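Please look through the sequence and the structure below before reading on.

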Amino acid sequence: NEYKSYLRMKKLVIGSCIIIIISFVLIRYVNIQYEYPGWKRTVNISGSIISFTRSSALILTAKGSNNDIDLYKSLGWTHAHDRYVQLFLHRLAATGELVNHLPFSEASLKSDLKAKQMNLHESGMRSLQYIDEPTLKKLTAYTDGINHYLSTNPRPLEFVLLNYYPEPFRVSDVVSIINFISYAGLNDICLTLEKTILELVSETNIDVNILKKTFSPHLDGLNAELLDLYKSITKKRPLAYQDTASIPKLINSNNWVVSGKLSASGFPLMGSDPHMDTSKVPNIFYESHFIGVNGFAVAGLSVAGFPGYVLGRTPNLAFSLTFGMLDMADYYVERISNMHYTRDGKKHKLNTRTYSLKNGKVAYFYDTHDGLTIERDFNTTFDVISDGTYLATKFGISVETDIANSQLLGFWRYKSALEARKKLVKNSLGSNYLLADILGNIVYQQGGMVPKRRNKYNITGLLPLPAWDSENLWKGYLEPDNYKSIINPDNGFIATANNHIQADGKAVVTTFAALPYRVNRIKDRLSHAKEKLDLRYFKDMQSDTYSQLAARVIPHVMPFLGSSEIESLLKKWDFRSTVDSKPAAFFQMYYQNFIKNILRKLFHPSRADKYYRFAYYPMTKLVNTIILEGVVNNEKLDSVYRDTLRQTLEQYQGEKKGDIQKWSMKHLMFNGKLPAWLGLDTRPLATNHCEECIKVGMSRVTQHNMSSFISQAWRMVTDLGRNDMETALPGGPSGNILSNIYNGEVEMFLADQYKTIELGSDV
C-alpha cells in the first residue's frame, strides 16, 4: 500500500511539473488573452502615451493626445493585438511570400504567383519616394503601433506551431496591402467577368447578340476582326488569385442614408451592411474606437493592414461604402516573338522578373515598358515564355494611385460631408460612398481610379484590345468630374447596392453591376414608410428577406405545379426567405437549378457547370436577359420551367428542411481541418438563404474552387442626432484563439441584435 501511495504521489508530482512547464511555456512564448469589459493597458508607442480599454461592447477603445498620429499608432497596435494572424497573412499574401514562410499548399503557391505577377511589393517600394510627408508620417505611425506590439508580446499559438517568426512591419508592406485589397480582391471581380466574356465569345456558340444585350453598351464594337483575334490567344485562363487570406469582396453590400426631413429625430440617419464571405473567422473587418482631444472621436471598421477607417462614425460625420464595380483593370492581347513585343510597328524586348521558391523552382514573369504583364497559367509559369498570342494585364497600380490613396487617410476628420466627399473621388477602392453630417447634409460620392480609354472599337473595357496599337492603351486616369456625385437630393434619401451608377454624359466607369433587386427593395422601403423613419425601421430593413426576384419568377412556375403541397405553400408565400420557410427553401433550390438548366441549354454541360460555379454573377445577368426575352436557343422557356420544376420537386423531397441554409465559420488558416472540440470553428449556423434580398444569404463555390457563404459581415445603424452607433460584427472582436472573446457576437448577430458604441464618452 505504501508503494502504491508512493507511485500515486510520484505521478501527481510529475503531472504537476508537466502542467507547470506547459503553462510557463504558454505564458512565456504564446499570446494568451483574458479580457473583459474594463480591461486596461497603457503603452508608450514611440513617445506617445496611449491607453487601451475594453468597452462594454468588448471593442478596444484607444485614447491619445494627438488626434492624427496617435490614431494611427493605436490602430496599428489594436490590429496586432486582435488580428495578429490575419495581419501577417495579409502581408505574406500581398508580398507573395506565403509558401516561403508557411506550410506549402498549391493554393498558397498560386496566390504567391499572382501577387508576384502583379508586382505589388516592388510597386509599393517605388511609391514611397513620391508620397508626401504628412501621409508618410501616418503610415509610419501605423507601423510603429504594429511593431511595438510585436516587440512586447509573444506570438500567437498558430505561428508558434508553424515556427514562423514575423519580421517587423514596413511602410512598403502597408502600401502593398492597400493595393492587394483593391486589385486582388475588389477588382478581381471585374477581371473575372472580362475573362468569362472572352471565353464566351471565342470558345462557345452563344448568340453574340444576347451577350451584347446583357452587357450593353460595352460590347457594341465587338466585330469579326476581334473575334478572330480572341480565338488565336494561346491561353485564355490567366493565373487566378487564390483567396487564402480572406480579402474583402463586397459584391452584395448595401448602404442608405436619409435626410432629417424624413427622420423622426430631424437629423440624418444611415444604415450600412456590407456583405461578403463570412465562412472564415475572424471576420475580415475589425471594429475599434479612438478618442482624442477637443471632442474628436471615431469608431468603425478597418481591415488588418489598412491604416484607416472605411465605414463608421465620428460625432460630426457618418460614412459607409459599397463596392462600386468600377472597371479599373484591363486585359489586352499581346503577340510575343523571340522575347519581343510590338508597339506601333516597333519591336521591344520583354522585361523579365523571377521568383525563386524554397524548393529551387523559379517562376518567370514578363512585363512591357508601358506596364502590361503577360498572363500565363499555373502550369507554364515555371517555363521560359514561348512565342504566341497572349493575354496581358494592366492594373492601376502606380505611383499616381498610391498618392491618390493617401486621401483615404483622414477624410473622417472633416465635420462636413460636403468637404469629406472631395477626398473620396480618386482612390483604388472603386466604391460608392455615402456621407451624412450633423449639419443635415447627405451625400453620395463615386470614387475610383478608372483609366482613360480611347480605341476605334467602341469597347469600354469589358473585352481585351490589341496592345500593339498604342492608341488602345490607357491615357492616364479620368478627371474627378467623371465620377457621379449626389448632394442633398429632393426625395430625401440615397441608396446603393452594387447597382449601376453612371454620371450622365461622362466617360464609362462601370462595365458590370449587380442586378437591381436589392437597391429597388431598399428604395421601396424608404419611399413607402408610413411614419417618420427611425433606427428601429432601419434595423427591420437590415433584416428584410423579401425577394423581388422570387416575386418575379414564381408566377412563371405556378401554371406547371398542378395541385400539390408545394403549390399550396407557394400560393400563400409572402416571398420572404426566413430560416424556416419551406417555400423559400424550395424557391432557392428551384432558382439554382433553373440557372444551371439555362446554361446547359447554351453550353456543353461541363462548361455550364464550370460557369455556374466560377462565374456566377455574370451568368445570373445572362439568365436575367433570357428570362426577359422568354426564349433560349429559339425555344420558349416553358419547357425549362417544367423540367426544372420536376427536378426541384424530387430534390426537395429528399432534402432535410433547412440543410441548405446552414454554414460554419472556420478558422482562417486551418479551414475546418482540426477537430471541432478545439473550438476554432463555430457550430453549424442557420440563416436565411436569399440571393437578392436586402439581407443576403447564399452559399457559393468561388472562382477559386473554395467554398464560401455570402452574408452580412457587419451591420450598422446610426442617427446623427445621437453621439453613438449600433452595430453587430460576427466573428469579432478578437481573432486570438487563446482569447476568451475569440469568435464573439455570432449568436447576437444571428438573432438580429445590436450593441451600442458610445463615441465620445469614457468607457
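The protein in this predicted model exposes about 29,100 Å², and carbon and sulfur atoms supply 52% of that area. Of its 763 residues, 62% count as buried.

**Overall form**
- The secondary structure comes to 23 helices and 33 strands, and the C-alpha trace spans about 90 × 70 × 70 Å along the principal axes.
- A compact globule with 763 residues would have a radius of gyration near 27 Å, and the protein agrees with this because its own value is 27 Å.
- Among contacts with a separation of 6 or more, 70% come from residues 24 or more positions apart.

**A nonpolar surface patch**
- Met9, Leu12 and Val13 form a nonpolar patch on the surface, and together they have about 290 Å² of accessible area.
- Val13 lies in helix H1, which covers residues 2–29, and Val13 counts as partly exposed because its relative accessibility is 43%.

**Aromatic pairs around Tyr84**
- The count of aromatic pairs in the protein comes to 24.
- The rings of Tyr84 and Phe88 have their centres 5.3 Å apart and their planes at 40°, so this pair is tilted.
- Both Tyr84 and Phe88 lie in helix H3 (residues 84–95), four residues apart, which is about one turn of the helix.
- Tyr84 also forms an edge-to-face pair with Phe159, with 6.0 Å centre to centre and 70° between the planes.
- Because Tyr84 lies in helix H3 and Phe159 in helix H8 (residues 157–162), their pair ties together parts that are 75 residues apart in sequence.
- Tyr84 counts as buried at 7% relative accessibility, and Phe159 counts as buried at 0%.
- Ring pairs link Tyr84, Phe88 and Phe159 into a cluster that also includes Trp77 and Tyr149.

Conventions
Residues are numbered from 1 along each chain as its sequence is written. This is a predicted model: local features need pLDDT of at least 70, side-chain atom pairs count only at pLDDT 80 or more; totals for chains, interfaces and linings use all residues. Side-chain values use heavy atoms; hydrogens and water are left out. Patches are made of residues with over 30% relative accessible area and no salt bridge: like charges are joined within 9 Å, nonpolar side chains (Val, Leu, Ile, Met, Phe, Trp, Tyr) within 5 Å. Accessible areas come from the Shrake-Rupley method with a 1.4 Å probe; for residues, only the protein chains shown count as cover. A salt bridge is a side-chain nitrogen of Lys or Arg within 4 Å of a carboxyl oxygen of Asp or Glu. Helices (H or I, at least four residues) and strands (E, at least two) are DSSP runs, numbered from the N terminus. Buried means under 20% relative accessible area, exposed over 50%, partly exposed in between (1.4 Å probe, protein chains only). The radius of gyration is taken over C-alpha atoms; the globule rule is 2.2 Å times the number of residues to the power 0.38. Contact means heavy atoms within 4.5 Å. Rings of Phe, Tyr and Trp (its six-membered ring) pair if their centres lie within 6.5 Å; planes under 30 degrees apart count as stacked, over 60 as edge-to-face and the rest as tilted.
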